[in-house]
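Colleague: I would like to learn how to read features off a protein model. Could you walk me through this one?

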Amino acid sequence: MGMKSFVRSCSVLLVALFGLLPVAGTAHGAVVWTATFEKGDLSEWSPGINATKGTRKNVEVLGEQVHSGTLACKITVHPDDTFSGGQNRVDIQHQSTLTGANKDTWLSGYYMMPADAGVRNEFAFWESASSFVNMSDFWVEPKAGGGTTIGFGVGRGSLGATKVWMADFSIGKWHQVAMHVHWSTDPTKGIIDVWFDGQQVVTNYKTQTEADANPLFFQTGLHRRSVANFTDTIYLDDFAEADALADAQIGAPTQGDGGAPADAAKTDGAVDETGAAGAGGATGGADATGAAGSGEAGATGAAGSPTGAAGVATAGAAGTGAVAHGRASGGCAAAGGAGDASGLGLASMLALLGAVGVTRRRRG
């Protein structure tokens, strides 16, 4: 059998083999809830606290400030917006379906304040149903010397008494806040990851994330642990909740200023690292197009959801091909050998056959 015939036969075999194999790292995640306010009302949310005060509307869906689309939510808290225990509080709620022992949720949303915070306000937190225990908390507060800071903390019923992260919060700009929670009453098994303006700022933080056997709900708005003589306003837009990182819509706003740099360490599948995309094929002469390399990004999320990135090879009389196979911890590539006029290198094809064998053994 001539070299060209051998190459064509192996190409047919490869196509058949890949047709039988499942796509590596196929994502199984899904977006389970969104809130964009484009319906013009609060139907995407559950009722919260002090949405109105007499004839005054503390929670409004308006078009005066939006992250995207034409509408967003405006929440304002006043000194007379009181709640039990001497609190100031105006908020709305989301009843999550992804809380519970050993479950995972990813949630993201955009926030903007038109003026600096007058006092510390909790603006996003998780609380247990029935027992009403606060477990993790984001807040904004005045910065010494002027400006506003954002903070994140944890602690059972403590409104974030254990501070985990803080950064500047620029006024008049939209900021995305996102988090992943692995739910557990065991502080050695509960995990939290946080992103601010698309940058991961808290990684694999171990803490008790469930108060008890009750599910948890998400609350957002403005909440003070005691009455304060300030009026504060915050805008909300574009929320998404998903059961995998790839579907959580985490990304920087157009004018976001970012937070602290991300911690690169990842452990035990809390939020897996993203592998580099597979390397593309080399370029040869102009008379034929070589076979594409096979590449994929590394797994993400609890179960992993790689995204393929095909390599491309073109070859002439002595073209070279390349194949690449991404891994969860980073991309790796195997260069192909010399090719003939078909553009598919023999060494390249043999390497690909080896990769198929490894994939099949790994999935067995």
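Modeller: Gladly. Let's begin with a charge over a ring: R120 lies over the face of W139, 3.8 Å from the ring centre. Please keep in mind that this is a predicted model.

Colleague: Which ring does the charged end of R89 sit over?

Modeller: That one is F83, and the charged end of R89 is 4.8 Å from the centre of the ring.

Colleague: Let's step back to the whole chain. How many helices and strands does the protein chain have?

Modeller: The protein chain has two helices and 22 strands. Of its 364 residues, 48% are buried. Among contacts with a separation of 6 or more, 66% are between residues 24 or more positions apart. The accessible surface comes to about 15700 Å², and carbon and sulfur atoms hold 55% of that.

Colleague: Is β15 largely enclosed by the rest of the structure or exposed, and why?

Modeller: Strand β15 covers residues 191-196, and six of the six are buried, so the strand is largely enclosed by the rest of the structure.

Colleague: Which strands pair with β15?

Modeller: There is β14, residues 175-182, which pairs with β15 in the antiparallel sense over six bridges. There is also β16, residues 199-206, which pairs with β15 in the antiparallel sense over five bridges. To find your place in the pairings, look for H182 opposite I191, and for F196 with its bridge partner Q199 in β16.

Colleague: What do β15 and β16 form together?

Modeller: A hairpin, with two residues between the strands. In the turn, D197 has a positive phi of about 50 degrees.

Colleague: You mentioned H182. Is that residue buried or exposed?

Modeller: H182, in strand β14, counts as buried, at 15% relative accessibility. The side chain of H182 makes a polar contact of 3.1 Å with the side chain of D104. Leaving out residues up to four places away in sequence, H182 touches N102, K103, D104, K189, G190, I191 and T209.

Colleague: Next, aromatic rings. How many aromatic pairs does a search of the whole structure find?

Modeller: The search finds 14 aromatic pairs. Take F123 and F138: this pair is tilted, with 6.0 Å centre to centre and 35 degrees between the planes. F123 lies in β10 (residues 121-128) and F138 in β11 (residues 134-142), so the pair ties together parts that are 15 residues apart in sequence. F123 is buried, with a relative accessible area of 1%, and F138 counts as buried at 2%.

Colleague: How are W165 and F196 arranged, centre to centre and between the planes?

Modeller: A pair of aromatic rings is described by the distance of the centres and the angle of the planes. For W165 and F196 these are 5.4 Å and 55 degrees, a tilted pair. W165 belongs to β13 (residues 162-168) and F196 to β15, so the pair ties together parts 31 residues apart in sequence. W165 is buried at 5% relative accessible area, and F196 counts as buried at 1%.

Colleague: Which residues form one aromatic cluster?

Modeller: Members include W33, F37, W45, Y111, F123, W126 and F138.

Colleague: F37 is one of those. How far is D237 from F37 in sequence and in space?

Modeller: They are 200 residues apart in sequence and 7.0 Å apart in space, C-alpha to C-alpha. D237 is in β18, residues 232-242, and counts as buried at 0% relative accessibility. A polar atom of the D237 side chain lies 2.9 Å from the backbone nitrogen of H67. Beyond residues up to four places away in sequence, D237 touches, among others, A35, T36, F37, H67 and W174.

Terms used
Residues numbered from 1 in each chain as written. Predicted model: local features only at pLDDT ≥ 70, side-chain atom pairs only at ≥ 80, totals over all residues. Heavy atoms only, no water. Buried < 20%, exposed > 50% of the residue type's maximum accessible area, 1.4 Å probe, protein only. Helix = DSSP H or I, 4+ residues; strand = E, 2+ residues; numbered from the N terminus. Pairing = 2+ DSSP bridges. Phe/Tyr/Trp six-rings, centres within 6.5 Å; stacked < 30°, edge-to-face > 60°. Lys NZ or Arg CZ within 6 Å of the ring centre and 35° of its normal. Contact = heavy atoms within 4.5 Å. Areas by Shrake-Rupley, 256 points an atom, 1.4 Å probe, with all protein chains shown as cover. Polar contact = N/O pair within 3.5 Å; in protein donor to acceptor, adjacent residues only side chain to side chain.
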